[in-house]
Amino acid sequence: MYGFTEITPDELEQWRSEGKTFRLLDVRSPGETGRGVIPGAELIPLATLPMRKDEFTGDDTPLVIYCQSGARSAQACAFLAQQGVDCASSLRGGIVGWAQTGKPVVSPD
């Protein structure tokens, strides 16, 4: 609807194994990220995304955005699409879906 796609945990893992360049953004709150993150994630709480939108405009590096279950990451992707960012994907199922497939969750840096 707003120019973004979804990516599955398996597709994201494939991107990693292929060495594809992308940015992985975790838009959960600090309290949530303290319980664990996907390795390599940048922590950008959803509420701060509008203040940082200029970091993503004019850059065609693919973005993969995730939250707990996928709802907030879809909001983030929709917002960025409205700002002209057309390379954002929401991780289907969020970190819950990621962990349910047996993929690693680590402590934030």
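**View 1. The largest nonpolar core, 14 residues in all.** Leu-25, Leu-49, Phe-56, Leu-63, Ile-65, Leu-80 and Val-85 have the most contacts inside this core. A nonpolar core here is a set of buried Ala, Val, Leu, Ile, Met, Phe, Trp, Tyr and Cys residues joined through side-chain atoms within 4.5 Å. Two elements, β4 (63-66) and α4 (71-82), each give two or more residues to it, and α4 brings the largest share, with three. Zoom in on Leu-80: leaving out neighbours within four places in sequence, it is in contact with Leu-49, Phe-56, Leu-63, Ile-65 and Val-85. Contact means heavy atoms within 4.5 Å. A second, separate core has 13 residues, among them Trp-15, Leu-24, Val-37 and Ile-38.

Some housekeeping for every view: this is a predicted model, where local features need pLDDT of at least 70 and side-chain atom pairs count only at pLDDT 80 or more, while totals for chains, interfaces and linings use all residues. Residues are numbered from 1 along each chain as its sequence is written, and side-chain values use heavy atoms, with hydrogens and water left out.

**View 2. An open, parallel sheet of five strands, in the order β1-β5-β4-β2-β3.** Helices (H or I, at least four residues) and strands (E, at least two) are DSSP runs, numbered from the N terminus. Two strands pair if DSSP finds at least two bridges between them. At the edges sit β1 (5-7) and β3 (42-43), each pairing on one side only. Next come four parallel bridges between β4 and β2 (residues 23-26); Asp-26 has Tyr-66 as its bridge partner.

**View 3. Strand β5, covered on both faces.** Ala-88 and Ser-90 lie on one side, Ser-89 and Leu-91 on the other, and all of them are buried. The cut-offs: buried is under 20% relative accessible area, exposed is over 50%, and partly exposed is in between (1.4 Å probe, protein chains only). Helix α1 (residues 9-18) lies across β1, β2, β4 and β5 (88-91), running at about 75° to β1. For that angle, axes are lines fitted to C-alpha atoms, for helices over the stretch in contact, and angles run from 0 to 180 degrees between N-to-C directions.

**View 4. Glu-32, in helix α2 (residues 30-33).** Glu-32 counts as buried because its relative accessibility is 14%. Its side chain reaches the backbone nitrogen of Ser-29 at 2.9 Å. Not counting residues up to four places away in sequence, Glu-32 touches Gln-68 and Arg-72.

**View 5. Cysteines, with zero disulfides.** A disulfide would need a pair of cysteine sulfur atoms within 2.5 Å. For Cys-67, the closest cysteine sulfur is in Cys-77, 9.4 Å away, so a bond is out of reach. Cys-87 is in no disulfide either, with the sulfur of Cys-77 nearest at 9.5 Å. Both are buried: Cys-67 at 2% relative accessibility, Cys-87 at 16%.

**View 6. Val-105, in the segment after α5 (94-100).** With 37% relative accessibility, Val-105 counts as partly exposed. Beyond the residues up to four places away in sequence, Val-105 touches Gly-36, Val-37, Ile-95, Trp-98 and Ala-99.

Methods
A polar contact is a pair of N or O atoms within 3.5 Å; within protein, one must be able to donate a hydrogen and the other to accept it, and residues adjacent in sequence count only if both atoms are side-chain atoms.
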